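Dear colleague,

I am handing over the structure below for your study. Please look through it first, and then read the findings that follow.

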Amino acid sequence: RKPATVVFGVLLVAGMLFPTSAASQSFWRLGFGLQTTFSTEDGLGLGLRTRVSYPMNRDFSLGLDLGVHGYSSNGANRSVIMADPSINLILNLGATADRATYLVAGAGGYVLAGATGQRTSKATLGPQASIGLGAVKQLVDSRLFVEITPQFLLEPQQMTVVAPLRIGLIF
């Protein structure tokens, strides 16, 4: 209950700090893509990523993300599945008529299920933080994005770095 209250409070404050003008007619955007990840603990993984974002003004957007990916480099008996919801602030670094680059930074949580390395077969929960760069190319009715956003997972006995490379579409 408390995390939901914190997320709602952050969204409310961000909306007041970065109001969108009525003339820009901003709307929620949905992104969906594939990601490949490399983890210092689990090796190479593949997965899916979704993001819902709201442009607060021309420079800032607020995003809610959910990624799910799996690692099986150590065989099926030692595979791991990870889900990592987060809230992100997206800063537009520069744009032309059909391209833009951006910085994305966020925080959230993660759930790891499976057994590999020092982990047991029980689920592991914890906080995570991320910061990365992305680029967007305007298509006819949608946008193509490419993004690399390293994540830092704070596990009970260690910190794991996960480096995802993402590609997908924004509608």
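The order along the sequence is α-β-β-β-β-β-β-β-β-β-β.

Please note that this is a predicted model. The average pLDDT of the protein is 82, and 77% of the residues score at least 70. Confidence is lowest in helix α1 (residues 2-17), where the mean is 56, and highest in strand β8 (residues 143-148), where it reaches 96. Over residues 20-25 the pLDDT falls below 50, and this stretch has five contacts in the model beyond near neighbours in sequence. Where pLDDT is low, the predicted coordinates should not be read in detail.

As for the protein as a whole, 35% of its 171 residues count as buried. The accessible surface comes to about 9800 Å², and 69% of that surface belongs to carbon and sulfur atoms. Among contacts between residues at least 6 apart in sequence, 53% join residues that are at least 24 apart.

In soluble globular proteins, nonpolar side chains tend to be buried together. Which residues form the largest nonpolar core here? There are seven: Tyr71, Val80, Met82, Tyr110, Leu112, Leu153 and Val162. Strands β4 (80-83) and β6 (99-114) each supply at least two residues of this core. A second, separate core has six residues, including Ile90, Val104, Phe145 and Ile170.

Leu153, one of the residues of the largest core, deserves a look in the viewer. Leaving out residues up to four places away in sequence, Leu153 touches Met82, Tyr110, Pro127, Gln128, Gln158, Met159, Thr160 and Val162.

Finally, I would draw your attention to Gly94, which lies in strand β5 (residues 86-95). Is Gly94 buried, exposed or partly exposed? Its relative accessible area is 31%; buried means under 20% and exposed means over 50%, so Gly94 is partly exposed. Apart from its neighbours within four places in sequence, Gly94 is in contact with Arg99, Ala100 and Thr101. Gly94 and Ala135 are 41 residues apart in sequence, and their C-alpha atoms are 9.9 Å apart in space.

With kind regards

Technical notes
Residues numbered from 1 in each chain as written. Predicted model: local features only at pLDDT ≥ 70, side-chain atom pairs only at ≥ 80, totals over all residues. Heavy atoms only, no water. Helix = DSSP H or I, 4+ residues; strand = E, 2+ residues; numbered from the N terminus. Buried < 20%, exposed > 50% of the residue type's maximum accessible area, 1.4 Å probe, protein only. Contact = heavy atoms within 4.5 Å. pLDDT = per-residue confidence, 0-100. Areas by Shrake-Rupley, 256 points an atom, 1.4 Å probe, with all protein chains shown as cover. Core = buried A, V, L, I, M, F, W, Y, C linked by side-chain atoms within 4.5 Å.
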